[in-house]
Amino acid sequence: MRANRLPLLAALALGLTAAAIAMVFFYAPVDADGFNQKIFYFHVSIALTAYVCFGWGAWKAFVHLWKRKPGADLESYVAIHQGVIFGVLVLVTGSIWARYRWGHWWVWSSNQLVLFLVLFLFYAAYFMLRYSIEEGARRENLSAVYAIFGVVLIPVSWLAIHLAQDIIHPVVFTSHGPQLGGSELVTFVVSLAAVLSLAACMYHVELAGKRLDARLRSLRELLA
Amino acid sequence: MTTAEKYVTAAYLAVFVVVLVYVLIIALKLTRLEREVAELEQLARVRKAREPETRKAIAVG
């Protein structure tokens with residue numbers, strides 16, 4: 001990304017986040033579930049963003065293996081790192097919501113929750129694999145293969161709620177479309193756009209830092 | 001403040017804190033990169049000062 005676009009992306013993320021928070025608390029109605037439903041707008045947006053990050057990481061890993069494009073491995077790594085950060089947020093916000101709704105921080109009988117945890121732990125283990133191998137082509141290739149394998153868990157995690165027998169986790173997006181009112185849907189879309197733009201901003205900031213780090217390392221080697 | 005409001009606040013605060021921690025980590029990294037750039041700059045200056053003058057004087061014009 002060109003350097004002058006990053007401040008624009010940051011400004012967009014800031015504007016959308018401010019708009020989303022304002023809409024969640026002042027525009028979207030308090031539905032039958034009560035005030036606690038306000039957690040939904042960011043919790044689900046963050047979960048979808050985590051899926052997007054993992055998917056993007058897998059795509060970049062595929063590009064690395066297919067075209068051997070320089071930098072694709074680093075992009076895959078940063079995307080998966082973002083996915084793990086948003087994964088932590090999904091688990092934390094979900095647990096807070098669960099404590100209020102179900103009286104428990106975690107419910108092992110819910111396939112949706114357990115499958116998301118499996119997906120999260122799978123990608124958390126990516127870093128253990130990556131840093132257990134010395135820097136070079138072997139590390140890049142093995143990390144890429146691992147990242148691609150993990151992407152299979154995304155549709156499984158997404159569909160788990162529809163396949164599951166339990167009804168503890170609420171279903172909002174069904175085959176008949178989203179089960180939301182007009183203003184609720186608009187608020188959700190703005191929240192999703194806000195979280196996605198925040199993730200994109202964090203991704204580009206971290207990527208710029210990593211690239212700068214690598215360039216400084218090669219400069220140090222040249223000057224040594 | 002009702003119990004539901006407390007839980008909603010906690011969830012939004014958790015998001016805010018995680019983003020803030022991320023910003024802090026990036027700020028620490030930037031500080032390290034800045035220090036490394038300063039070190040490399042110093043190294044380049046020292047090397048340039050040690051290099052012997054090899055340029056020859058030539059007539060201009």
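In the predicted model, B:Leu13, B:Phe16, B:Val17, B:Leu20, B:Val21 and B:Ile25 make a nonpolar surface patch of about 560 Å². One of these residues, B:Ile25, is placed in helix 1 of chain B, which covers residues 3-50.

Chain B also takes part in an interface with chain A. The size of an interface is often given as the accessible area lost when the parts come together. For chain B and chain A, the buried area is about 2500 Å², and 78% of it lies on carbon and sulfur atoms. Three tyrosines, B:Tyr7, B:Tyr12 and B:Tyr22, account for 28% of the area that chain B buries against chain A, more than any other three residues. In terms of contacts, 24 residues of chain B meet 31 residues of chain A.

Polar and charged interactions are found across this interface as well. Seven residue pairs are in polar contact between chain B and chain A, with both residues at pLDDT 80 or more. On the side of chain B that touches chain A, 17 residues are nonpolar, one is polar and six are charged. Three salt bridges are counted between the two chains. In the salt bridge of A:Asp213 with B:Lys29, the closest N and O atoms are 3.9 Å apart.

Over all chains, the structure contains nine salt bridges. Within chain A, A:Arg130 and A:Asp73 form a salt bridge in which the closest N and O atoms are 2.8 Å apart. A:Arg130 belongs to helix 4 (residues 111-131) of chain A and A:Asp73 to helix 3 (residues 72-101) of chain A, so this pair ties together parts that are 57 residues apart in sequence.

Conventions:
Residues numbered from 1 in each chain as written. Chains lettered and ligands numbered in written order. Predicted model: local features only at pLDDT ≥ 70, side-chain atom pairs only at ≥ 80, totals over all residues. Heavy atoms only, no water. Patch = residues over 30% accessible without salt bridge, like charges linked within 9 Å, V, L, I, M, F, W, Y side chains within 5 Å. Areas by Shrake-Rupley, 256 points an atom, 1.4 Å probe, with all protein chains shown as cover. Salt bridge = Lys/Arg side-chain N within 4 Å of Asp/Glu carboxyl O. Helix = DSSP H or I, 4+ residues; strand = E, 2+ residues; numbered from the N terminus. Contact = heavy atoms within 4.5 Å. Buried area = accessible area lost by both parts, 1.4 Å probe. Polar contact = N/O pair within 3.5 Å; in protein donor to acceptor, adjacent residues only side chain to side chain. Nonpolar A, V, L, I, M, F, W, Y, C, P; charged D, E, K, R; others polar.
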